[in-house]
Amino acid sequence: MASAGMRRRVEAIPGRPLPYGILGGCTDVVDVTDEHELLGVEWLALGCCPVNVWNDPCVGADESPGASTTKEFCRPVPEHADPITVYAGAECSAMGWSYAEARAHAEASLELGEQEAVELGFWTNYLAMSADDLTPAAGPVNIAQGVSALEGCLAEQYGGVGTLHVPAGAAALLGCCNVVQRDPGGGSPTTLAGNCAVIGAGYSTVNTGPGNIPAAPGTAWLYITGPVVVRRGPAMTIPDTPGPSINIRNNDRRVLVERTYVVATTCTVCAINVSVCPS
């Protein structure tokens with residue numbers, strides 16, 4: 001075996017994020033031009049109020065018993081989304097690593113891993129803290145039953161196209177009963193109802209239920225929401241000059257790259273626990 005001193009240094013093995021994660025085709029990713037949006041955003045919910053059927057009591061004699069004779073008005077609910085800041089740091093001896101190399105390494109690390117980190121932050125800070133749990137008293141259901149219950153919840157409370165949030169560790173089960181289908185043209189996977197599926201590595205990392213309680217062994221949590229909009233700030237390199245990157249006490253070089261996201265969704269969040277063990 002060759003010694004470490006004889007090995008030739010080559011380029012790192014490149015990678016790419018999972019294609020159907022939260023920064024993929026299911027969400028609208030917006031590069032913000034107003035940095036104040038990275039402090040958090042708020043809005044009045046659209047689509048959460050029902051559109052009602054009017055039964056005019058003056059027309060026809062077959063009006064439904066108990067039908068309302070007064071038109072109803074709905075006050076839009078204020079919603080908000082908070083920032084998620086993700087980062088990647090690179091550290092090595094300054095003797096063998098230039099600032100440019102350290103910076104490039106940190107930037108590439110962020111590019112590869114930021115989607116997973118955003119998924120983890122969104123799941124932990126929002127999905128698991130906002131969801132209605134649909135899991136029956138009898139316990140976890142199979143994945144087809146789980147998606148069915150989630151889509152029913154979304155349809156009743158929102159009615160538009162929504163977003164199914166699935167841990168990567170459970171994704172293979174979605175194909176066993178044609179729960180989701182991939183667009184032959186390369187688009188994101190969708191259900192028969194038309195909801196788009198985000199398949200997240202970060203979701204798989206955390207895999208907690210409402211209240212961030214860890215999933216029991218052999219189970220996974222799925223969530224469903226309305227549409228998702230991701231606001232993304234610029235990547236910031238710290239420090240942005242070579243000198244401050246060196247710790248003069250140990251001669252190590254450190255470079256950090258970070259980016260802030262604001263992930264927003266609307267109207268409803270429903271969750272269900274599903275079995276990922278073969279029956």
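Q: Which helix holds F122 and Y126, and what separates the two residues?
A: Spacing along a helix can be read in turns. This is a predicted model. F122 and Y126 are four residues apart in helix α1 (residues 99-130), so about one helical turn separates them.

Q: How many aromatic pairs does the structure hold, and what kind of pair do F122 and Y126 form?
A: An aromatic pair is read from the distance between ring centres and the angle between ring planes. The structure holds three such pairs. F122 and Y126 form a stacked one, at 5.7 Å centre to centre with 10° between the planes.

Q: Is F122 buried or exposed?
A: Burial is judged by relative accessible area, with under 20% counting as buried. F122 is at 2% relative accessibility, so it counts as buried. Y126 is at 27%, so it counts as partly exposed.

Q: What geometry do the rings of W123 and Y223 have?
A: Planes over 60 degrees apart count as edge-to-face. The ring centres of W123 and Y223 lie 4.6 Å apart and the planes stand at 75°, so this pair is edge-to-face.

Q: Which parts of the chain does the pair of W123 and Y223 link?
A: Here the positions in sequence are the thing to check. W123 is in helix α1 and Y223 in strand β12 (residues 219-225); the two are 100 residues apart, and the pair links distant parts of the chain. W123 has a relative accessible area of 0% and is therefore buried. Y223 also counts as buried, at 0% relative accessibility. Ring pairs join W123, Y203 and Y223 into a cluster.

Q: How many helices and strands does the chain have?
A: The count for the chain is three helices and 17 strands. Overall spread is read from the radius of gyration. For this chain the radius is 24 Å, well over the 19 Å that the globule rule gives for 279 residues, so the chain is more spread out than a compact globule. Its C-alpha trace spans about 90 × 50 × 40 Å along the principal axes.

Q: What share of the contacts in the chain with a separation of 6 or more comes from residues 24 or more positions apart?
A: Sequence separation sorts contacts by range. Residues 24 or more positions apart account for 83% of the contacts with a separation of 6 or more. As for burial, buried residues make up 36% of the 279 residues.

Q: Where is T191, and which residues is it in contact with beyond its neighbours within four places in sequence?
A: Location comes before partners. T191 lies in strand β8 (residues 190-191). Its relative accessible area is 5%, so T191 is buried. Setting aside neighbours within four places in sequence, T191 is in contact with V147, E151, L164, V179 and V180.

Q: Which residues does a cis peptide bond join?
A: The omega angle is the value to read. The cis bond joins I238 and P239, with omega about -5°. P239 lies in the loop between β14 and β15 (246-247).

Q: Where does N212, with its positive phi, lie?
A: N212 is not a glycine, yet has a positive phi of about 60°. N212 sits in the loop between β10 (208-209) and β11 (213-214). C267, again not a glycine, has a positive phi of about 75°. The loop that holds C267 runs between β16 (252-265) and β17 (269-275).

Methods: Residues numbered from 1 in each chain as written. Predicted model: local features only at pLDDT ≥ 70, side-chain atom pairs only at ≥ 80, totals over all residues. Heavy atoms only, no water. Rg over C-alpha atoms; globule rule 2.2 N^0.38 Å. Buried < 20%, exposed > 50% of the residue type's maximum accessible area, 1.4 Å probe, protein only. Contact = heavy atoms within 4.5 Å. Phe/Tyr/Trp six-rings, centres within 6.5 Å; stacked < 30°, edge-to-face > 60°.
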